[in-house]
Amino acid sequence: MNEQDWQLEQFERYRPHLQAVAYRMLGSVSEADDALQEAWLRLSRAGTDGVGNMGGWLTTVVGRICLDMLRSRRSRQEDYVGSWLPEPIVSLDNETDPEQEALLADSVGLALLVVLETLTPAERLAFVLHDMFAVSFEEIAPIVGRTPAAARQLASRGRRRVQGATPPPDADLPRQREIVDAFLAASRAGDFDALLAVLDPDVVFRIDAGGSGPRARPPVTGAVDVAKLVLSRGSRLAPFGRPALVNGGPGVIVQRGRHTFAVVGFTVTAGRIVGIDLIVDPEKLRGLPVDD
C-alpha cells in the first residue's frame with residue numbers, strides 16, 4: 001500500500017467523526033462536506049511523517065478549517081433578515097440510506113445549533129471540541145491562537161450560554177411525537193384553544209427564509225402570538241405535512257409532489273412545545289429525502 005492509499009484509508013476511517021465535528025461547528029451538512037474535502041486536500045499535500053495520532057491531527061485540521069469558515073460566514077450574515085437556522089438532517093419513516101441514518105443518529109437538535117450560532121467562532125470551537133469531543137485545551141489552544149487557560153475560558157463562556165438558553169428536550173420521543181401530532185391536528189382544525197394547550201407560554205417560533213424575501217421575519221414569542229401566526233399562515237400547509245425525524249427530534253416535512261418546500265422541527269420540554277423552527281430556505285432543503 002502506497003502512502004496516498006494509506007492516507008485515504010485513514011481519512012475514511014475517521015470520516016464519521018470528522019463529519020460530526022464539522023456539522024456541530026457549521027450547522028450545515030453541505031458546508032461540513034466542503035470542510036472535509038479541504039481537510040483531505042491538506043492531508044494529501046502535507047504527508048504524514050511524524051503524525052502519531054491521525055485522528056487528533058485530522059480533528060485539528062477540520063477545526064481550523066471550520067473556524068475560518070465561521071469567521072467568513074459571520075461577516076456575510078450581518079445583513080441576514082429573520083432567523084438563521086441550520087441545514088436540517090431529516091429522516092422519513094421509510095428512510096433506509098445508511099449514511100443519512102448515521103448522520104441523524106449523531107446529530108444534535110436544531111435548538112442547540114441555533115444557540116451555538118450566537119457564540120463567537122472561537123467560543124464555538126472550544127466548546128464543541130472540548131465538551132462534545134473531549135479534545136484537550138492544550139490541543140485547542142493553538143487552533144484559536146490562545147493559551148490553554150484562555151481556551152478553557154472560551155469553552156466556559158460557551159457552556160454558560162448553551163446551558164442558559166437550551167432547555168433539555170423530553171427524553172421520551174414517542175411522547176414528543178404525540179404532542180406534535182396534537183399540534184398538527186389543532187392546526188388543521190383551526191382550534192385556537194387546542195393549540196394553546198400544547199404550547200409553552202414562552203414558546204419561540206423561528207422562520208428561516210434564507211435571509212431575504214417577504215417571509216423573513218424576527219422570531220415570534222409567546223403562546224398566543226404563535227397560535228395566531230400558525231392559524232393565519234400555517235393551517236393551509238398542515239395537510240401537506242408528514243411526520244419526520246428532524247435532527248433526531250420530532251418534526252414535519254412539507255411536500256407537494258416531489259418538491260419539499262418546508263421542514264419544521266419542534267422542541268418539546270415538560271410536555272409542551274417550547275420551540276418551533278420553520279426552514280423554508282430552498283438552499284437548505286435541497287437534497288432532502290422525498291416520500292415516494
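**Note on the predicted model: pockets, sheet and helix packing**

1. The largest pocket holds about 500 Å³ of space. A pocket here is an open set of points on a 1 Å grid over the protein atoms alone, with protein on both sides within 12 Å along at least five of seven lines, and lining residues have an atom within 4 Å of a point. A volume is the space filled by probe spheres set on the points, which are joined across faces, edges and corners. This is a predicted model, in which local features need pLDDT of at least 70 and side-chain atom pairs count only at pLDDT 80 or more, whereas totals for chains, interfaces and linings use all residues. Residues are numbered from 1 along each chain as its sequence is written, and side-chain values use heavy atoms, with hydrogens and water left out.

2. The lining of the largest pocket comprises 25 residues, and Phe205, Arg233, Gly234, Leu237 and Leu278 lie nearest its centre. H9, S2, H11, S5, S6 and S7 each give two or more residues to this lining; helices (H or I, at least four residues) and strands (E, at least two) are DSSP runs numbered from the N terminus. By class, the lining has 16 nonpolar, 4 polar and 5 charged residues. Ala, Val, Leu, Ile, Met, Phe, Trp, Tyr, Cys and Pro count as nonpolar, Asp, Glu, Lys and Arg as charged, and the others, Gly among them, as polar.

3. The second largest pocket has a volume of about 330 Å³. Of its 18 lining residues, Gly109, Leu110, Ala111, Pro169 and Thr267 lie nearest the centre. The lining divides into 9 nonpolar, 8 polar and 1 charged.

4. An open sheet of 7 strands runs in the order S1-S4-S5-S6-S7-S2-S3, with mixed pairing; two strands pair if DSSP finds at least two bridges between them. S1 (90-91) and S3 (220-221) stand at the edges, each with a single partner strand, so one side of each lacks a neighbour in the sheet. S2 (residues 199-208) pairs with S3 in the antiparallel sense over 2 bridges, and Val204 has Thr221 in S3 as its bridge partner. Helix H11 (residues 223-234) packs on the sheet, touching S2, S3 and S7 (contact means heavy atoms within 4.5 Å).

5. The axes of H6 (residues 121-133) and H8 (residues 148-165) come within 8 Å and cross at roughly 90°. That makes H6 roughly perpendicular to H8 (65 to 115 degrees). Axes are lines fitted to C-alpha atoms, for helices over the stretch in contact, and angles run from 0 to 180 degrees between N-to-C directions.

Conventions:
Angles under 35 degrees count as roughly parallel, over 145 as roughly antiparallel, 65 to 115 as roughly perpendicular and the rest as oblique. On a 1 Å grid over the protein atoms alone, a cavity is a set of points where a 1.4 Å probe fits but cannot get out, and a pocket is an open set with protein on both sides within 12 Å along at least five of seven lines; lining residues have an atom within 4 Å of a point.
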